[in-house]
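Please find below a colleague's note on the structure under review. The remarks are arranged as numbered points.

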Amino acid sequence: MGGNSPCASCKLLRRRCTKDCIFAPYFPSDDPHKFAIVHKIFGASNVSKMLQELPVHQRADAVGSLVYEATARLRDPVYGCVGAISYLQNQVSQLQMQLAVAQTEILCIQMQQEPPSAEQKMEADDKSFVINNNLTAMPQLLNYASSSNVAQDPLKREFLWT
């Protein structure tokens, strides 16, 4: 960067910002907090090594990932990003269960509204058997989907998506 305004990393590290500073394009001087959290978690030397190993066109994405991971680690020192991912995976599982229940209910309603012919009656008996088995297993599946080793407090996790 050079000149009068050093990048955020050079400001924090109290060094002269050169024109070939690897941090300058990704940590501008107007956003010093961004580098501060990355530096606190990963260290300037490690970040520099990571960026140097990457092609230039991938560095901006890598910096974005480092900032996200560092922020998650500061807010949740035990689980970091993994806690957020586990929480989201649990939500997906619960929503899939709700979708399966809704699809089963729709099928039941459709079967009740159609007057069955002889062939349809045989098919309906087969479907009814499947539906009844799914409905009896559904509470167990719902309990399984809600069990996890990671705390599931949505208020604790909402900071990652705001």
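1. Basis of the note. The model is predicted, so that local features need pLDDT of at least 70 and side-chain atom pairs count only at pLDDT 80 or more, while totals for chains, interfaces and linings use all residues. Residues are numbered from 1 along each chain as its sequence is written, and side-chain values use heavy atoms, with hydrogens and water left out.

2. Overall make-up. The chain contains seven helices and zero strands, giving the pattern α-α-α-α-α-α-α along the sequence. Helices (H or I, at least four residues) and strands (E, at least two) are DSSP runs, numbered from the N terminus.

3. Burial and surface. Of the 162 residues, 27% count as buried; the term means under 20% relative accessible area, with exposed meaning over 50% and partly exposed in between (1.4 Å probe, protein chains only). The accessible surface of the chain comes to about 11200 Å², and 55% of this belongs to carbon and sulfur atoms. These areas come from the Shrake-Rupley method with a 1.4 Å probe, and for residues only the protein chains shown count as cover.

4. Contacts along the chain. Taking contacts between residues at least 6 apart in sequence, 54% join residues at least 24 apart. A contact here means heavy atoms within 4.5 Å.

5. Helix α2. The buried residues of α2 (residues 32-42) are Phe35, Ile37 and Val38. They lie on the same side of α2 because they cover an arc of only 165° around the axis, the arc being that of the directions from the helix axis to the C-beta atoms. This buried set packs against α1 (8-13), α3 (44-53) and α4. His33 and Lys40 are exposed residues on the face of α2 turned away from its buried side. Just after the helix, Gly43 takes a positive phi of about 85°.

6. Cysteines. A disulfide is a covalent bond between the sulfur atoms of two cysteines. With the criterion of a pair of cysteine sulfur atoms within 2.5 Å, the count comes to zero disulfides. Cys7 is in no disulfide, and the nearest cysteine sulfur, that of Cys10, is 3.5 Å away.

7. A nonpolar patch. Val78, Tyr79 and Val82 make a nonpolar surface patch of about 280 Å². Patches are made of residues with over 30% relative accessible area and no salt bridge, like charges being joined within 9 Å and nonpolar side chains (Val, Leu, Ile, Met, Phe, Trp, Tyr) within 5 Å. A salt bridge is a side-chain nitrogen of Lys or Arg within 4 Å of a carboxyl oxygen of Asp or Glu. Val78 is placed in the loop between α4 (56-75) and α5 (80-113) and is exposed, with a relative accessible area of 63%.

8. Two sites in α4. Val56 lies in helix α4 and is exposed, at a relative accessible area of 59%. Val56 is 34 residues from Ile22 in sequence, and the two are 9.9 Å apart in space, C-alpha to C-alpha. Thr71 lies in α4 and counts as partly exposed, at 23% relative accessibility.
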